[in-house]
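Colleague: I'd like to learn how to read a model like this one, feature by feature. Could you walk me through it?

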Amino acid sequence: MITAIAILTILGITLGILLGAAASYLAVDANPLEQEIEQMLPGSQCGQCGFPGCSRAATALASGEADVTLCPPGGRNLAMDLATKLGVDADLSAMKDKAPMIARIHDELCIGCTKCFKRCPTDAIVGSSKQIHAVISDACTGCEKCFDICPTECIEMLPIPVTLQNWYWPKPAMAA
Amino acid sequence: MISVNAQKLFRIRGGVHPQENKHATAGCRIVDAPIAQRLYIPLQQHIGAPAEPIVRRGMKVLKGDLLANSQGVVSAPVHAPTSGTIHSIGKYPAPHPSGLPVLTITLEPDGEDKWMALPPENSDPLSLEPEAIAGQVAAAGIVGMGGATFPSAVKLNLRKRYRLHTLVINAAECEPYLTCDDQLMREQPDGIIEGIRLIMRALQVTKAIVAIEANKPEACSSMTKAAAAFDEITVMTVPVRYPMGSEKHLVQALTGKETPARALTADLGIVVHNVATANAVHNAVRYGKPLISRVVTVSGGAVNRPGNIHTLIGTPVADLIGLCGGFSEEPARIIGGGPMMGQPLPETRVPIVKGSGGILALTAQEVARKQAMPCIRCGSCVNACPCGLLPLEMASRARIGDFDAAVDFGLMDCISCGSCSYVCPSHIPLVQYFSHAKGALTEQQRRQHKQEEIRRLVEARTERMEALKKAKREAMEKRKKEIAAKKAAEKAAELEKRSQAGA
């Protein structure tokens, strides 16, 4: 009886120490670069880059497996920032020169199924069951999650409309 | 001419002497324009948040009725310029180079031009409290009428945050062609002087300087005469040099003090208001009339009979040009404001707004647009820049899209006066580069801001989802426990039954 208790106690203590040592020895350092990159990404986990979320995309970027142009909502600016961060040349020509888009719901087609607003990562869609939904354009990242799910295809992706608030002079045409 | 300069003036850096071309309208008496068929009143005629309409389609309004309320601190209300019916509230082209539509109230005048119930004339407006003056100015929708269109009431409340001592009335009118302020000073000096005294009272300052460029001797003598009774108001002539009417440069010319970069003249204890604004303040505080009309100079080589016109806000530009005899030839460009800082107008159906001081229809010869050539680094722009910047360096950075480098060269201190573009022998559109760069930077900031806000939203959502999940899990566990407890109770009851039966 006492032998059994002693053996088990010793076994427990030894294994505990071993596990503790292994935990500190074999610890995986979170790459600080990854964290910094993750901070730069939009953080909406939209998955347009093909990775399951922004943190995985950041891991891929830090290890050089992914291209800096991977993030459509971030656009050119983000690609350039990432390129500076990682010290690589951004090949922006490969990047689709797509203007940032936002979703718009055509209310005559909306059936109020709530599928889109449940999926929206930024809570940019408001509505409730059997009520017409609407997009808050200031909060929309253009991730297209709602666009893909809508059963009546009533969501359209539109470029951000130009208004007096965001219009500015174009660059002069002729190079000086 | 009466000698008016008792004080010493100071030199300002740079500047240019463009051809004045004021002769076409100088001395043209202000004529009242007839009421247009339809008035288009944009809800954003000022810097800040657009006004919120309080009228509906088909409603009848009287002259001076409130059409749209101001939204927030930096905003201004909009009033009905005449009596009539609200025809619609919708999008209409803005008097803006982009020609983009902006929310606009369309008013169909009934021709009676009947005022709303005006308060009785305040015969002693100067006895009002400073807050009351600022409040009436805010309610009258008065904005800076020199073109900047910053809500004036906000500037009247500056005394709460700064120690002020001087009011400067900007009557330099340094832009070529424009004579509307000149003419206003010649014809209505007493109203302006009362406006100045009201602004002084609102700001609680003891001194006011009316600064007029030396090319307006008539306005100067008229103002001096009107101001003679008031020791605290000095009329001063300043040398003719563009951009003398830039508020920071005007203050420097008058006091020798330079406003620090990105600071306000209020940091020096000085507030600058435009002369037409002073007149509007007089009308608002003495007669209770909101800002619904202004004097506009219609000029340029392509206009048959240039003149100064007192017109209702919302009158289409085409109507004013028609009133001035139409075009003598096809204009090469139509400009809202002066030729140096004004903005090209895409079409003539756009309306006159609170900030429109001029409508210029320029001939091809006047525009003299030439092909831009490479920069030869002659440094003319550096000599001309009144802010002491290096326009050539800023433009070369802006051209390759390196906006941060342009900022390092002082892009944010540029006042877009156009002196550099004016002197450039290579005809490089320098100011357009700067406007482009400033716009692109603002856009970047906006995007950055959006990104941050979205991050916040995502975090809030994740948190909420976690909380929901947790609540669900807890509910589930609770139910499980309940079921288990129920089962246990049932079992116990059965056991008891059995044991009772056994017994």
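This is a predicted model: local features need pLDDT of at least 70, side-chain atom pairs count only at pLDDT 80 or more; totals for chains, interfaces and linings use all residues.

Colleague: Let's begin with chain B. How many helices and strands are there in chain B?

Modeller: Chain B has 14 helices and 17 strands. For overall shape, compare the radius of gyration with what the globule rule gives for that chain length. Here the radius comes to 30 Å, well over the 23 Å that the rule gives for 503 residues, so chain B is more spread out than a compact globule.

Colleague: What share of the residues in chain B is buried?

Modeller: Buried residues make up 49% of the 503. Taking the contacts in chain B with a separation of 6 or more, 73% are between residues 24 or more positions apart.

Colleague: Next, the two chains. How many residues of chain B are in contact with chain A?

Modeller: One way to describe an interface is this: its size is often given as the accessible area lost when the parts come together. Here we have residue counts instead, with 32 residues of chain B in contact with 22 of chain A. On the chain B side, two elements give two or more residues each, namely α11 (391-399) and α14 (430-502). The biggest giver is α14(B), with 17 residues.

Colleague: And what kinds of residues are on that side of chain B?

Modeller: By class, the side of chain B that touches chain A has 14 nonpolar, 12 polar and 6 charged residues.

Colleague: Now domains. Which domains is chain B divided into?

Modeller: The assignment gives domain 1 (30-34 + 151-312) and domain 2 (380-440) in chain B. Note that domain 1 of chain B is written as two segments. The centres of these two domains, taken over C-alpha atoms, are 28 Å apart. Their contact takes 6 residues from domain 1 of chain B and 6 from domain 2 of chain B. On the domain 1 side, that comes to 3 nonpolar, 2 polar and 1 charged residues.

Colleague: What does the division look like in chain A?

Modeller: Chain A has domain 1 (32-94) and domain 2 (101-159), with 26 Å between their C-alpha centres. In chain A, 6 residues of domain 1 are in contact with 7 residues of domain 2. The domain 1 side there has 3 nonpolar, 3 polar and no charged residues.

Colleague: Which strands are joined to β8(B)?

Modeller: Take β2 (residues 39-42) of chain B, which is joined to β8 (residues 101-109) of chain B by 4 antiparallel bridges. In that pairing, Pro42(B) has Thr104(B) as its bridge partner. Then there is β7 (residues 84-93) of chain B, antiparallel to β8(B) and joined by 9 bridges. Ser88(B) and Thr106(B) are bridge partners there.

Colleague: Now a helix. Why is α6(B) described as largely enclosed?

Modeller: Count its buried residues, meaning those with 20 or more other C-beta atoms within 10 Å. In α6 (residues 247-255) of chain B, 8 of the 9 residues are buried, so the helix is largely enclosed by the rest of the structure. Among them are His249(B), Leu250(B) and Val251(B). They pack against β9 (166-171), β10 (207-213), β11 (233-238) and β12 (270-274) of chain B.

Colleague: Last one: is Pro161(A) buried or exposed?

Modeller: Pro161(A) counts as exposed, because it has 10 C-beta neighbours inside 10 Å. You'll find Pro161(A) in the segment after β4 (155-159) of chain A. Its C-alpha atom is 9.1 Å from that of Ile102(A), 59 residues away along the chain.

Notes
Residues are numbered from 1 along each chain as its sequence is written. Chains are lettered from A and ligands numbered from 1 in the order in which they are written. A residue is buried if 20 or more other C-beta atoms lie within 10 Å of its own, exposed if 12 or fewer, and partly exposed in between; C-beta atoms are placed from the backbone. Two residues are in contact if their C-beta atoms, placed from the backbone, lie within 7 Å. Domain bounds come from an automatic or database domain assignment. Ala, Val, Leu, Ile, Met, Phe, Trp, Tyr, Cys and Pro count as nonpolar, Asp, Glu, Lys and Arg as charged, and the others, Gly among them, as polar. The radius of gyration is taken over C-alpha atoms; the globule rule is 2.2 Å times the number of residues to the power 0.38. Two strands pair if DSSP finds at least two bridges between them.
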